[in-house]
Amino acid sequence: MKDMTLGNIAECCRGIYYGEEEKKALEVTGIAIDSRKIKKGGLFIPIRGERADGHSFIPAVFKSGAAACLSENVIEYPAGPYILVESTKKALGEIAAFYRRSLGIRVVGITGSVGKTSTKEMIASVLKERYRVHKTAGNFNNEIGLPLTVFDIKNEHEAAVLEMGISDFGEMHRLAEIANPDVCVITNIGLCHLENLGSRDGILKAKTEAFDHMRDRGTVILNGDDDKLASVQDVNGKTMMRYGRDRGDAWASEIEPLGMEGIRMTLHLRGEMRKVTVPIPGEHNVYNALAAACVGAVFGMDLSDICRGIETVQTIDGRSHLIQVNGITVIDDCYNANPVSMQASLDVLAQAEGRKIAVLGDMGELGQDERKLHAGVGRYAAQKGIDFLYCTGELSKEMIRAAQSAAGGRTYAAHFEKKTDLIEHLRLVMQKGDTLLIKASHFMQFPEIVEALTVV
């Protein structure tokens, strides 16, 4: 890893190096927080977690060939060099920030309340038409995951697309300092993490902290149709681009939903236009494509390459991922949820042919209005003509009550106390031609439902 000597690592995280002086010039081969993933010559950073303390694995990593480790404790009989720090978690971020700045690579940082991951996939798909791209894997978008994503950037990569997820004030400062983006994309300001951020204005304030740690001559790309983002004028002197349904640097016309096959539209980008098909259902993906088009323009790509990248994008598990099994379509969108993303997913389900079945669960971190917001989702499901609404989770009872009240008999709604009972019921009622949407916040562990219904 370029410039990642033990001496430089100790200096960038203000740690105290213990070990042979000549080994301070040793360049580590990789960095891991999981002792099982340590490689010969690597650096182990132990993290204290709820279930385990990584410090207890320090002896094991040296046996596995680790070059050194970090520690919050003085090690009495170390098996190799170590760096003493006040907080290994904080040091993880500081080391990642140091490494990122040693790389000759352009970084796109993505944040927002809804659509970060799908927008990340769209942007990466566009950029790969011309560049070798590294992107955030899975949910590695927080103060642990982002540094690990940065450490995986290799010499051959020419661009990185990094997702930044937060739940409180100050987090974005730390994440953006690590990512140090050349381009910052904000997808929208919705209703999530209200427990800590309080309101949409609070969310806007927290998300825009990213501007403080962008590179010189950077570009901020904002959803111009979002009322909160439309109000943003100060981006710390950076260039600003906006996108929207019918206005902005990138905009769309002739939008034609194709059901589960996606969306056809005309993409307008800085005076040029071209027909393009987004191969993912849901009109919210129009915005994802427009954001990606803006990024492609910043990177100097022509419209034909941008459209090719949009048309070849693929979904990932848990994010509007379509699974076909026994004549049934399952929309696996169960990684996470908030009121806005719930409504967007119900919009997709409403386009399906055959019976439309929504399998929904609780949404977390919604603050004092959580019951009202859950009721709103149930009411929306009924208004969209969803045939069956099945829920589990304490708060999702509000979805059922609101749906039953609003449906007028058009939507059948039922609540299950146990996830296992819900699964058994679904197995009994599912039939060929059905489309099922499965969605809830991550803590509800709805991937278990997807697996139970799709493993043949």
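Student: Which residue stands opposite Cys 69 in strand 4?

Tutor: Phe 44 stands opposite Cys 69. Before going on, note that this is a predicted model, where local features need pLDDT of at least 70, side-chain atom pairs count only at pLDDT 80 or more, and totals for chains, interfaces and linings use all residues. Residues are numbered from 1 along each chain as its sequence is written, and side-chain values use heavy atoms, with hydrogens and water left out.

Student: What makes strand 3 and strand 4 a pair?

Tutor: Two strands pair if DSSP finds at least two bridges between them. Strand 3 (residues 43–44) and strand 4 have two bridges, in the parallel sense. Strands themselves are DSSP runs of E with at least two residues, helices are runs of H or I with at least four, and both are numbered from the N terminus. Strand 4 also pairs with strand 5 (residues 82–84), in the parallel sense over three bridges, and there Cys 69 stands opposite Tyr 82.

Student: Which hand does the crossover from strand 3 to strand 4 have?

Tutor: The chain passes through helix 2 (residues 58–63) on the way, and this β-α-β crossover is right-handed. That word applies if, with the strands pointing away from the viewer, the path from the first strand over the helix to the second runs clockwise.

Student: What makes both faces of strand 4 covered?

Tutor: Ala 68 and Leu 70 on one side are buried, and so are Cys 69 and Ser 71 on the other. Buried means under 20% relative accessible area, exposed over 50%, and partly exposed in between (1.4 Å probe, protein chains only). In a regular strand the side chains alternate between the two faces of the sheet.

Student: Why is Glu 94 called buried?

Tutor: Because its relative accessible area is 18%, and the limit is under 20%. Glu 94 lies in helix 3 (residues 88–101). Leaving aside neighbours within four places in sequence, Glu 94 is in contact (heavy atoms within 4.5 Å) with Cys 12, Cys 13 and Arg 14.

Student: Why is Arg 217 called exposed, and what is Asn 236 called?

Tutor: Arg 217 has a relative accessible area of 81%, and exposed means over 50%. Asn 236, at 37%, counts as partly exposed. Arg 217 has a positive phi of about 60° although it is not a glycine, and Asn 236 has one of about 55°. Most residues other than glycine have a negative phi. Arg 217 is in the loop between helix 8 (200–207) and strand 10 (219–223), while Asn 236 is in the loop between helix 9 (227–230) and strand 11 (239–244).

Student: Which residues touch the most other members of the largest nonpolar core?

Tutor: Among them are Met 4, Ile 31 and Phe 151, in a core of 79 residues. A nonpolar core is a set of buried Ala, Val, Leu, Ile, Met, Phe, Trp, Tyr and Cys residues joined through side-chain atoms within 4.5 Å. A second, separate core has 41 residues, including Tyr 287 and Ala 292.
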